Amino acid sequence: MQGYISEDVASGIDEWCMPTPLGVFGVIGPFNFPWMIPLWSVPYAIATGNTVVVKPSSEVPNSQSFLCELAEEAGFPPGVWNMVHGGRTVVNGMLDHPDIQGITFVGSTPVGRDVIYRRCGETGKRVIAQCGAKNFMTIMPDCAIDNTIAAMMTSFFGNTGQRCLAAANAVIVGEDDKFYEEFVAKVVEKASQIKIGYGLDESVQMGPLRDKAKKQNVLNYIDIGLQEGAELVLDGRDFTLQGDLPDDCFVGPSIFTNVRPGSRLGSEEIFGPVMSIMRAKDLDEAIRITNENPFGNGHSIFTQSGKAARYFQYNVVSGNVGINIGITAPVAFFPFSGMKDSFFGVLHTQGKEAIRFFTESKVVIQRWF
Amino acid sequence: MTLHTASEGISFAREMEMATAKFYEELARRFPEHAETFGAYAAANKKYVSDVERAYYGVITDAIEGCYAFKGLEPDDYVIDVELGAEVDLAAAVAQAVANEEAMLRYYTDAAEQSSGTMHDVPRAFRAVARKRAQRISDLKAMAAR
């Protein structure tokens, strides 16, 4: 269980640390990756000897229900991998339950901070609350332009922007107007070619938003951006839908330029396919703009300069940092980190941190007479 | 229809592999003296499909980055002909096989080059199949020369 040992800490005395399970953990999942995200926690919790109660998103519970059935079929003992369905009442029950030792949560910042994190503190539970984001992508003038734009398309518009690692703001560095204008024109051209339609059609590049309310939220932010004086250079309200489908939940990619970092458009999480473009005179200004935002989930830089990338990695305040990577998702043996308003807790899901989160350290000091 | 997404590209590769697998199975039936070779080609085609699919499902999904895998691959650039004439002889059949293999080699090479922005497992899988195709073309040409 990834413990550690020191022999002869004193003459004839050995000492070792044995991580031991704590009991029951609650896992509260979001709607956007209903299958994957609970798996940031459940395997670690169970492998370290605990049991879990998974509460999937009430909007999309089927995949977790199926997974739970597979676990049962695979021979997990009854009571190890449990599931409850519901909304706020069920979550409150989990937060208050004295037998639940800790909670992992992925969702919005208001719920994560004001409900999950706070209540876990009050009830003495361990907590990992992975929350909202407003990810900034710093574009240096020496970036590999075509690769950068391809990464931008998938980061801003993949999953219709409904993920906590989606880029939201592009900060283009430098005072070279020609570079800026040509770069933005290419980004707009590429985004305008995105095919929108049924998500399981292989040729489709962007599917619908979750529901009508989410679409309305995106439309509201487009209005807010216009009211704040940003320039809408690609209007996602005007799009071509592939196939004979109702357009209730669909919206095209939108791109704003001249976005002020402190504006609502430039600072709040939209969770939709909206790109806000800003300019910074140099890398320091880009980092300052990025760090002034309250979120710190997955900021990235696109450059061919190792010096700039190194400077960025040390100075940007972000749990996950991308260098020529648009979606800064760590593999399973590294923690899925997060800082500032994007994360509440101490240890993170995945990797060694997850092992520590789901266990208590028991230290054995041994001497033989 | 231009291919942009990784799943489109993989589906296209699967179609070509499965069609040529049937083609080789037919060659194995018609030319029993080369049945072992052609049968092995058919089996290998199916393995190539699973190799590419494994790389795709293992490291990316269309939700993460596969939607923009290719700048644009045109299926018309990689046309194969798997219809065998009733009276075709071995030399003509092998020539047809070589032409198909060359089209598929071009496809995998282009797919590898265009998908270099995705996780490296994907272009590496395409390149691995391309290398095996190149060897197969060489072997087929040697067969024709015998």
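Predicted model: local features only at pLDDT ≥ 70, side-chain atom pairs only at ≥ 80, totals over all residues.
Figure 1. From the C-alpha atom of A:Ala332 to that of A:Phe369, which is 37 residues apart from it along the chain, the separation is 44 Å.

**Figure 2. The two domains of chain A and the contact between them.** Chain A is divided into domain 1, made up of 4–131 + 342–367, and domain 2, which covers 135–323. The C-alpha centres of domain 1 and domain 2 of chain A are 33 Å apart. Where these two domains of chain A touch, 4 residues of domain 1 are in contact with 8 residues of domain 2. On the side of domain 1 of chain A that touches domain 2 of chain A, the residues comprise 2 nonpolar and 2 polar ones, with no charged residue.

**Figure 3. A:Gly26 in strand S3 of chain A.** The residue A:Gly26 belongs to strand S3 (residues 24–28) of chain A. Is A:Gly26 buried or exposed? A:Gly26 is buried, because 29 other C-beta atoms lie within 10 Å, and a residue counts as buried from 20 or more. When its neighbours within four places in sequence are left aside, A:Gly26 is in contact with A:Val53, A:Lys55, A:Met94, A:Ile100 and A:Ile103. One of these partners, A:Met94, is 68 residues apart from A:Gly26 along the chain, while the C-alpha atoms of A:Gly26 and A:Met94 are separated by 6.8 Å.

**Figure 4. A:Thr257 in strand S11 of chain A.** Strand S11 (residues 254–257) of chain A holds A:Thr257, a residue that is buried, with 21 other C-beta atoms within 10 Å. Apart from its neighbours within four places in sequence, A:Thr257 is in contact with A:Val184, A:Ala230, A:Glu231, A:Val233 and A:Ile277.

**Figure 5. Two loop residues of chain A with positive phi.** Although A:Asn159 is not a glycine, its phi is positive, at about 55°. A:Asn159 lies in the loop between helix H5 (145–157) and strand S9 (167–173) of chain A, and A:Asn159 is buried, with 23 other C-beta atoms within 10 Å. The view also takes in A:Phe271, which is not a glycine and has a positive phi of about 60°. The loop that contains A:Phe271 lies between helix H8 (264–267) and strand S12 (274–280) of chain A, and A:Phe271 counts as buried because it has 25 C-beta neighbours inside 10 Å.

**Figure 6. The packing of H1(B) against H3(B).** Helix H1 (residues 6–30) of chain B packs with helix H3 (residues 90–114) of chain B at an angle of about 165°, and their axes are 11 Å apart. That angle makes H1(B) roughly antiparallel to H3(B), since angles over 145 degrees count as roughly antiparallel. The crossing of H1(B) and H3(B) is left-handed. From H1(B), the residues B:Gly9, B:Ala13, B:Met16, B:Thr20 and B:Leu27 meet B:Ala93, B:Asn100, B:Met104, B:Tyr107 and B:Ala111 of H3(B). In this contact of H1(B) with H3(B) there are 7 nonpolar and 3 polar residues, and no charged residues.

**Figure 7. The packing of H3(B) against H4(B).** In this view H3(B) packs with helix H4 (residues 121–145) of chain B at an angle of about 160°, with 8 Å between their axes. H3(B) is therefore roughly antiparallel to H4(B), and H3(B) passes H4(B) in a left-handed crossing. By class, the residues of the contact of H3(B) with H4(B) divide into 19 nonpolar, 1 polar and 6 charged.

**Figure 8. Where chain A touches chain B.** The contact draws 11 residues from chain A and 12 residues from chain B. On the side of chain A that touches chain B, 4 residues are nonpolar, 6 are polar and 1 is charged.

Conventions. Residues numbered from 1 in each chain as written. Chains lettered and ligands numbered in written order. Domains from an automatic or database assignment. Contact = placed C-beta atoms within 7 Å. Nonpolar A, V, L, I, M, F, W, Y, C, P; charged D, E, K, R; others polar. Axes fitted to C-alpha atoms, helices over the stretch in contact; angles between N-to-C directions. Helix = DSSP H or I, 4+ residues; strand = E, 2+ residues; numbered from the N terminus. Parallel < 35°, antiparallel > 145°, perpendicular 65-115°, else oblique. Left-handed = near helix turned anticlockwise from the far one by under 90°. Buried ≥ 20, exposed ≤ 12 C-beta atoms within 10 Å, placed from the backbone.
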